[in-house]
Amino acid sequence: MNFLAVIGRVTFRFLQASGRLGIFTASALSHMFTPPFYFRSLGRQMMVIGYYSLPVVGLTALFTGAALALNIFEGGSRFNASSALPSIVVIGIVRELGPVLCGLIVAGRVSASMAAELGTMRVTEQIDAMATLSTDPFKYLIAPRIIATTLMMPFMLVIVADVIGVMGGYLIATGKLGFNSANYMKLTMDFLEMPDIYASLTKAAVFGFFISLMGCYHGYHSRGGAQGVGISTTNAVVSACMLILLSNYIVTEIFFAS
Amino acid sequence: MTAALEKNVPKISLKGLHKEFGPKVVLDSVDLDVMPGESMVIIGGSGSGKSVTLKCILGLLHPERGSIKVDGEETTGLNRSDRKRIQRKFGMLFQGAALFDSLPVWENVTFGLLAEQKITRRDAVEVAIENLRSVGLSPDVAHLSPAELSGGMQKRVGLARAIANKPEIIFFDEPTTGLDPIMADVINELITERVKEMGATALTITHDMSSVRKIADKVAMIYKGNIIWSGPRNDIDQSGNAYVEQFIHGRAEGPIQMEVLKA
């Protein structure tokens, strides 16, 4: 009997959380497309999310591309396929590693920061104060963050991650593994196709949406004090990472399963 | 005639206000009228429902039952635009000041005016300085960040923000909590002066009796989610209500029993 009660309680809580997230998402989307728009706030978020994430995203992509090149060269040489290195690096980085690693890095940096900032604002009544000053917190706080992350992920961070990731492979291949520079570039360009780029950018936009949605949702619903904010921050990062990995599979299936 | 009629319509009227969080009933059935230009103070112990009452009036919480009228207009269940229209009548000083720590003081003070596009950002600093002066702060405070201010200064900036929009109704949530007695008196003085000067209606919640004696025209006591006594400030010492007596004298013995486990 107790066991059934536990199952019932867990199911009820899951449905309650799903409903609350659904309402939050619908509300966030409606506020993203209806005035007033806070362009100053949007610009600030674009700067914080896009520009300030560039160093960490760039470094991650560089070392990932370099390590990928070494692995493919070593693995490929076992069956005389090391010449496929440029094509595998570019496909691997652009289709998969660029957007996914960039998404996970940005989830750790941005989702956590959003949840902590909004959570602190919630527990110190700053969000309530905003509502009393004729300002809808969804419009001023949530909408700019979601728009900024959804735009910055594909049009700044993942483009940079893709380019630097491929460059990491190129530097190792030409500097250490004896590949000819012009030949490497030609093979890279020959194998890269537009659907690869579309998939990369689509993944980036979807990941950006989930990263900001989770950061805002968990921060906005923070309770208690420092501990509540800490729990929200952890939940934001974990749920954003899970959604990135899940949606990565779905987008890959949509683009490339045939 | 209309003015006379308006005078008789309560600025805020609560009838049978009921709010619960899960199994916990916080407001049972609150009835309260605040007349125009009046300064009403709600007193009561921690967890008695003071803050929840305020948040229900502000529209931050939604009551399960009951009526909240502002200038005779029902405000429960309003749509977004009507809620915003009512919200414009309100100003609020929060317990911890609730200043936006990502913005400088001047932007905090003029946040509501900028949001409503009543002033440009160019004029905002001047307007903020004017409001800061009215609460006894110097112009150089305008460019500081809230984190650089003392508790008393934060409260004064919060007050400047609450009155910047020239609201008809101002709410004060524990305005003197966490302040030394002198600063608490300064804040009480400022509240009294600014509210009278603006001709605003004030609703304060506090458990600081010196605030009550300084700010209030009328006092209401809330206990277990009900208003158990209300009357003019001068009547509070002869209320004849055992709960009020115990509360204003701060006695441990009496009908209000605190849940304290003794070793």
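1. Both faces of β3 (39-43) of chain B are covered: Ser39(B), Val41(B) and Ile43(B) are buried on one side, and Met40(B) and Ile42(B) on the other. A residue counts as buried if 20 or more other C-beta atoms, placed from the backbone, lie within 10 Å of its own; 12 or fewer make it exposed, and values in between partly exposed. Since five of the five residues of β3(B) are buried, this strand is largely enclosed by the rest of the structure. Strands (E, at least two residues) and helices (H or I, at least four) are DSSP runs, numbered from the N terminus.

2. The model is predicted: local features require pLDDT of at least 70 and side-chain atom pairs count only at pLDDT 80 or more, whereas totals for chains, interfaces and linings use all residues. Residues are numbered from 1 along each chain as its sequence is written, and chains are lettered from A and ligands numbered from 1 in the order in which they are written.

3. On its two sides β3(B) has parallel partners. Five bridges join β3(B) to strand β8 (residues 201-206) of chain B, with Met40(B) opposite Leu203(B). Four bridges link β3(B) to β9(B), where Ile43(B) stands opposite Met221(B). Pairing here requires that DSSP find at least two bridges between the strands.

4. These strands belong to an open, mixed sheet of six in chain B, ordered β6-β7-β8-β3-β9-β10. Its edges are β6 (90-93) and β10 (226-232) of chain B, each of which pairs on one side only. Neighbouring strands are turned against each other by 15 degrees on average, direction ignored.

5. Axes are lines fitted to C-alpha atoms, for helices over the stretch in contact, and angles run from 0 to 180 degrees between N-to-C directions. Contact means that the C-beta atoms of two residues, placed from the backbone, lie within 7 Å.

6. Helices α6 (residues 121-134) and α7 (residues 151-164) of chain B pack at about 120 degrees, with axes 9 Å apart. α6(B) is therefore oblique to α7(B); this class holds what is left once angles under 35 degrees (roughly parallel), over 145 (roughly antiparallel) and 65 to 115 (roughly perpendicular) are set aside. Asn131(B), Leu132(B) and Ser134(B) of α6(B) meet Ala160(B), Ile163(B) and Ala164(B) of α7(B).

7. Chain A has nine helices and zero strands. Of its 258 residues, 46% count as buried, and the C-alpha atoms of chain A fill a box of roughly 65 × 55 × 35 Å along the principal axes. Among contacts in chain A between residues at least 6 apart in sequence, 88% join residues at least 24 apart.

8. Ser111(A), in helix α4 (residues 85-123) of chain A, counts as buried because it has 31 C-beta neighbours inside 10 Å. Ser111(A) and Leu213(A) lie 102 residues apart in sequence and 8.3 Å apart, C-alpha to C-alpha. Beyond four places in sequence, the contacts of Ser111(A) include Ile211(A), Met214(A) and Ala240(A).

9. Between the chains, 10 residues of chain A are in contact with 15 residues of chain B.
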